Amino acid sequence: MRRTLTSLAILVLAVSACSSSEGGGIDVIDVSGPLDSSALSFMVESIELAAATGQEMAVLQINSRAVLDEDLYDRLNDLVINPPLPVAVWLGPQPASAFGGMSSLVRVSPVTAGAPGTFIGKESPTIAGDPPSASADGEAVLFETTDLPLQPSIRQYLQDLDGTSMPTQNGTVVVETLRPFENEGVEGVTLKTVTFRKPPLTTRFFRLAATPEAAFFFLVVGLSLVTFEFYALGPGVAAGVAAISLWLASWGIVNLPVRPWALALAISGWILLTTAHQRGGVLALTILGAIGLQIAGLFYIEGSGQIDPRWWLVLLSVLAALFFFLLAMPTVQRSRLSTQTIGRDSLIGRSGVAIGDFNPDGTVEVGGARWRATAHRESGIGDGSPVVVTGVDGLFLSIEAGADAAREN
């Protein structure tokens, strides 16, 4: 579905460009971050679009530490080496980097430059998540330490390319990036029309989770909000935020080289935090859950030195989860218990239904809302058992089995 939406968006972009472009200008294709299939597809189709609309040349503006799709990368690589129109590559602006497949692409491009202060290297693995090559150099170096030319800005690069012979599928072409102009009797030359091409909004939305830290953050926030809604509020705004967060987290699971065991550990950490909350804030379970999340975040992605998660950003996600479990949910529940419409007096005596087994704590549904509750260990209350509220103890409802003595809701 996501690829279909992306293709439609690119088609609309192509139609718009064809209708508005007179040709003869320069397209700068700007895509940064880890490159998944949608980003690579956009780069490929933008080059083909520039050729179809008669542009003078296309420039790939590179800033990427990882490539995530082998087939589309190979197609892009072939287009750069044997393009339908002159294609140049510029690594920038500072502090850009080209690792993995993008490092190889920068080096094999017939016409390449980079901004000072940018990094190139860590070529292996070409596709993130693949086994690294034993013979490949895994070090990143400043672009200026290589034998590739330096260009401080894309504008300067385009100016200097005027009159350069560049290979294409139809032979060598001499590009003309400058045009003459006259303004109030003053003559000179300036750049031809430069159009910056960026991925459509649909692609950019999903790529909010393009980094390991962001993908892990959306997973943790989404799972935390699920628990928050289940125990504290019921369906509401937070449920929508949880759905969007988990949707973005799924992008990371599908596209990034996620370690399955780290994903399982992250879910286990969430379960431990949820269990600790259900049992009234068991410190040991809370600590284990937080440690599990931190370890999962640190090893969430098989980064191979290219897109490894940074520990302090992972820690922010863990702290966000702890905020929800230790502060947000208890605060909301205290607020609900202190309201006039659902207060202590109105809850006592009401009947409800147990959600899951009690041992001795659990969850009940009373008056259409779910509450944390506690009962005697010998009560034998199980999932679906009728219960009656006998009191309120802090954040917990005290309950007993059976509904005969309870007044109707």
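These legends describe close-up views of a predicted model. Local features are given only at pLDDT of at least 70 and side-chain atom pairs only at pLDDT 80 or more, while totals for chains, interfaces and linings use all residues. Residues are numbered from 1 along each chain as its sequence is written, and side-chain values use heavy atoms, with hydrogens and water left out.

View 1. Strands (E, at least two residues) and helices (H or I, at least four) are DSSP runs, numbered from the N terminus. Two strands pair if DSSP finds at least two bridges between them.

View 2. Strand 2 (residues 57–63) runs parallel to strand 3 (residues 87–91), and five bridges join them. Val-59 has Ala-88 of strand 3 as its bridge partner. Contact means heavy atoms within 4.5 Å.

**View 3. The hairpin of strands 10 and 11.** Strand 10 (residues 178–183) and strand 11 (residues 186–191) are antiparallel, with six bridges. Leu-178 has Leu-191 in strand 11 as its bridge partner. Two residues lie between the strands of this hairpin. In the turn, Glu-184 has a positive phi of about 55 degrees.

**View 4. Strand 13 and two antiparallel partners.** Strand 13 (residues 351–355) pairs with strand 14 (residues 361–366) over four bridges, in the antiparallel sense. Gly-352 stands opposite Val-366 of strand 14. Their hairpin has five residues between the strands, and Gly-356 takes a positive phi near 95 degrees. Strand 13 also pairs with strand 16 (residues 386–393), antiparallel over three bridges. There, Val-353 has Pro-386 as its bridge partner.

**View 5. The largest pocket.** Its volume is about 280 Å³. On a 1 Å grid over the protein atoms alone, a pocket is an open set of points where a 1.4 Å probe fits, with protein on both sides within 12 Å along at least five of seven lines. Lining residues have an atom within 4 Å of a point. The volume is the space filled by probe spheres set on the points. Of the 16 lining residues, Arg-65, Thr-211, Gln-306, Ile-307 and Arg-310 are closest to the centre. The lining divides into five nonpolar, seven polar and four charged residues.

**View 6. Ala-128 in its loop.** Ala-128 sits in the loop between strand 6 (119–121) and strand 7 (140–142). Ala-128 is buried, at 9% relative accessible area. Buried means under 20% (1.4 Å probe, protein chains only). Beyond its neighbours within four places in sequence, Ala-128 is in contact with Ala-66, Val-67, Leu-68, Pro-257, Gln-306 and Ile-307. Ala-128 and Gly-100 are 28 residues apart in sequence and 7.2 Å apart in space, C-alpha to C-alpha.

**View 7. Gln-294 in helix 10.** Gln-294 belongs to helix 10 (residues 283–298). Gln-294 counts as buried, at 17% relative accessibility. Leaving aside neighbours within four places in sequence, Gln-294 is in contact with Trp-311, Val-314, Leu-315 and Val-318.

Definitions and conventions. Nonpolar A, V, L, I, M, F, W, Y, C, P; charged D, E, K, R; others polar. Buried < 20%, exposed > 50% of the residue type's maximum accessible area, 1.4 Å probe, protein only.
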